[in-house]
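Work through the exercises below with the sequence and the structure in view. Each task is followed by a solution in steps.

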Amino acid sequence: MPLHTIRLLAPALSYPAAEHESLLEAAQAAGIALQSSCRNGTCRTCMRRLESGAVEYRIPWPGLSPDERSDGWVLPCVAEPRSDVVLGAPAQPGWWSGSGSAGDE
Ligand code: FES
C-alpha cells in the first residue's frame with residue numbers, strides 16, 4: 001500500500017499517510033492533533049481546503065455540499081489520500097492543539 005506525503009499549510013507540517021488511513025488518523029499517528037469531533041464526516045469540525053492532491057471518501061455522502069466539494073473543501077476524518085496531498089487552512093480557524101500552543105493564525 002503506497003505511502004503519501006500530507007503537507008499542512010497551517011500549521012506548516014508534513015506527515016505520511018497510507019491509502020487505508022484517513023488524513024486525520026494519519027496526522028494523529030504522526031503526533032499531530034488536528035481538530036475533530038464526530039470523526040464520521042458529519043460535524044464538519046475538521047473541514048479544510050484541499051490545495052492539491054486527490055482523496056477518496058470512506059462514506060458515500062460526506063457532510064459537504066456539492067458546491068463545497070467543487071470549491072475544494074474536504075473532511076480529513078473520512079478522506080483517504082490517493083496521491084500526495086496539500087491541505088490548506090481550516091474552515092474553522094483558531095483551533096490548533098498539536099503543539100500545546102494555540103492558534104495557527
Ligand atoms: S470530525 Fe466531524 S466531520 Fe470530520
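**Exercise 1.** In which sense do β1 and β7 pair, and over how many bridges?

Solution. The model is a predicted one, in which local features need pLDDT of at least 70, side-chain atom pairs count only at pLDDT 80 or more, and totals for chains, interfaces and linings use all residues. Residues are numbered from 1 along each chain as its sequence is written.

Step 1: locate the strands. β1 covers 3–9, and β7 covers residues 85–90. Helices (H or I, at least four residues) and strands (E, at least two) are DSSP runs, numbered from the N terminus.

Step 2: apply the rule that two strands pair if DSSP finds at least two bridges between them. β1 and β7 are joined by 3 bridges and run parallel.

Step 3: find a residue pair. Ile6 faces Val85 of β7.

**Exercise 2.** Which residues of the largest nonpolar core touch the most other members?

Solution. Step 1: a nonpolar core is a set of buried Ala, Val, Leu, Ile, Met, Phe, Trp, Tyr and Cys residues joined through C-beta atoms within 7 Å. A residue is buried if 20 or more other C-beta atoms lie within 10 Å of its own, exposed if 12 or fewer, and partly exposed in between, with C-beta atoms placed from the backbone.

Step 1: the largest core has 17 residues, and Ile6, Leu23, Leu24, Leu75 and Ala79 touch the most other members. Two or more residues come from each of β1, α1 and β7. The element that gives the most is α1, with 4 residues.

Step 2: look around Ile6. Contact requires C-beta atoms, placed from the backbone, within 7 Å. Leaving out residues up to four places away in sequence, Ile6 touches residues including Leu23, Ala26, Val85 and Leu87.

Step 3: Of the 105 residues, 28% count as buried.

**Exercise 3.** Why does Glu19 count as partly exposed, and why does Gly72 count as exposed?

Solution. Step 1: Glu19 is partly exposed because it has 14 C-beta neighbours inside 10 Å. Gly72 is exposed because the number of its C-beta neighbours inside 10 Å is 12.

Step 1: Glu19 sits in the loop between β2 (12–18) and α1 (23–29), and Gly72 in the loop between α2 (66–70) and β5.

Step 2: list contacts, setting aside neighbours within four places in sequence. Glu19 is in contact with Met1, Pro2, Glu80, Pro81 and Arg82. Gly72 touches Arg49 and Leu50.

Step 3: compare sequence and space, C-alpha to C-alpha. Glu19 and Glu56 are 37 residues apart in sequence and 9.2 Å apart in space. For Gly72 and Gly88 the values are 16 residues and 9.8 Å.

Note on methods:
Two residues are in contact if their C-beta atoms, placed from the backbone, lie within 7 Å.
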